Amino acid sequence: MRLLLIGAPGAGKGTQAERLAARFGIAHISSGDLLRQHVRNRTSLGQRVKSYVDNGDLVPDALVMAMLRKPVLAAASGYVLDGFPRTVEQAKASYAVVRPLGVEVQAAIHLDVPREDLVRRLLARGRGSDDTQAVVEHRLQVYLENTVPLLEYYAGREWMFTVDGARSADAVHEDIVERIQKLASFIEATR
Ligand code: AP5
Ligand code: MG
């Protein structure tokens with residue numbers, strides 16, 4: 001199974017991706033986690049991306065794409081992508097890479113959470129340099145400007161759906177699983 005999660009900062013992409021990965025036995029691939037790991041380990045990629053991550057700006061597409069190529073192609077039993085793609089450009093560029101290999105995404109899940117909840121969750125978490133009030137505000141702005149157009153780009157495709165992400169993590173998880181199962185039987189029936 002190949003899934004992707006789209007949602008604002010704090011929407012619960014990481015939380016839900018972890019559960020979906022365990023439930024379906026697929027790889028959890030988080031662009032943000034991988035970037036933070038590079039920054040922590042002071043790799044050459046880490047040094048190039050640190051200021052973007054700290055400021056809540058998007059890392060240039062080419063760097064993110066190169067970083068994700070290996071884990072995505074290595075995920076033999078499937079994957080849940082968390083935080084990628086987050087622009088229309090990334091979606092188009094990655095589709096061109098994975099489509100010929102037959103490993104394109106099968107379902108896109110949009111986690112919808114009101115802004116007040118997002119800010120509250122992120123400030124409570126305090127992950128590090130990017131969970132301060134100012135950077136959180138900026139990350140939300142970047143989401144509106146760059147990722148909301150991706151939702152519009154995917155809108156109307158039968159493999160994309162929105163769930164109410166403001167409920168408990170368990171309720172959100174069960175809802176996603178139900179929707180995926182419905183989608184899977186729909187795909188089976190129309191094959
Ligand atoms: P990334 O790591 O993707 O951060 P983000 O999108 O800002 O989202 P978060 O990880 O903060 O939130 P989340 O949706 O995963 O929620 P979580 O489950 O943690 O990206 C970081 C940076 O990397 C970017 O700013 C950019 O610089 C760069 N980057 C990453 N991908 C990129 C790309 N594709 N292109 C370019 N640059 C890229 O939950 C948040 C909190 O809420 C937690 O404390 C959690 O416990 C809690 N919570 C979760 N679910 C619930 C619930 N249902 N109810 C109550 N609390 C909940
Ligand atoms: Mg995350």
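# Strands, helices and rings in a predicted model

Visitor: Which strands pair with β3, and over how many bridges?
Guide: Strand β1 runs parallel to β3, and L4 has L81 as its bridge partner there.

Visitor: Why is β4 described as largely enclosed?
Guide: Strand β4 covers residues 107–112, six in number. Because five of the six are buried, the strand is largely enclosed by the rest of the structure. The count that decides it is five of six.

Visitor: Which residue of β5 is the bridge partner of A108?
Guide: A108 belongs to β4, where it stands opposite L4, and β1 (residues 2–7) and β4 run parallel with five bridges between them. Strand β5 (residues 160–164) pairs with β4 as well, in the parallel sense and over five bridges. In β5, the partner of A108 is M160.

Visitor: Where do the buried residues of α5 lie around the helix, and within what arc?
Guide: Helix α5 spans residues 88–98, and its buried residues are V88, Q90, A91, S94 and V98. Seen down the axis, they line one face of the helix, because they fall within an arc of 155 degrees.

Visitor: What covers the buried residues of α5, and which residues are exposed on the other side?
Guide: The cover over the buried residues includes α4 (61–74) and α7 (133–154). On the other side of α5, the exposed residues are E89 and A96.

Visitor: What is the phi of R42, and is the residue buried or exposed?
Guide: Most residues other than glycine have a negative phi. R42 is not a glycine, yet its phi is positive, at about 50 degrees. The residue is found in the loop between α2 (31–40) and α3 (44–55). With a relative accessibility of 66%, R42 counts as exposed.

Visitor: Is Q16 buried or exposed, and what does it touch?
Guide: Q16 is found in helix α1 (residues 13–24). Its relative accessible area is 3%, so it is buried. Not counting residues up to four places away in sequence, Q16 touches L5, L111, A169, V172, H173 and I176.

Visitor: How many residues are in the largest nonpolar core, and which have the most contacts inside it?
Guide: The largest nonpolar core has 52 residues. Helix α7 supplies the largest share, six residues. Those with the most contacts inside the core are L3, L20, V80, I109, Y154 and I176.

Visitor: What is Y154 in contact with?
Guide: At 6% relative accessibility, Y154 counts as buried. Leaving aside neighbours within four places in sequence, its contacts are L4, I6, P85, A91, W159 and M160.

Visitor: How many aromatic pairs does the structure hold, and which residues do ring pairs link into a cluster?
Guide: The structure holds two aromatic pairs. The Y153 and Y154 rings have centres 5.7 Å apart and planes at 40 degrees, so that pair is tilted. Y154 and W159 form an edge-to-face pair, 5.0 Å centre to centre with 70 degrees between the planes. The cluster linked by ring pairs is Y153, Y154 and W159.

Visitor: Which charged residue sits over the ring of Y153?
Guide: Y153 counts as partly exposed, at 30% relative accessibility, whereas Y154 and W159 are buried. A charged end sits over the Y153 ring, 4.7 Å from its centre. It belongs to R157.

Technical notes
Residues numbered from 1 in each chain as written. Chains lettered and ligands numbered in written order. Predicted model: local features only at pLDDT ≥ 70, side-chain atom pairs only at ≥ 80, totals over all residues. Heavy atoms only, no water. Buried < 20%, exposed > 50% of the residue type's maximum accessible area, 1.4 Å probe, protein only. Helix = DSSP H or I, 4+ residues; strand = E, 2+ residues; numbered from the N terminus. Arc of directions from axis to C-beta. Contact = heavy atoms within 4.5 Å. Core = buried A, V, L, I, M, F, W, Y, C linked by side-chain atoms within 4.5 Å. Phe/Tyr/Trp six-rings, centres within 6.5 Å; stacked < 30°, edge-to-face > 60°. Lys NZ or Arg CZ within 6 Å of the ring centre and 35° of its normal. Pairing = 2+ DSSP bridges.
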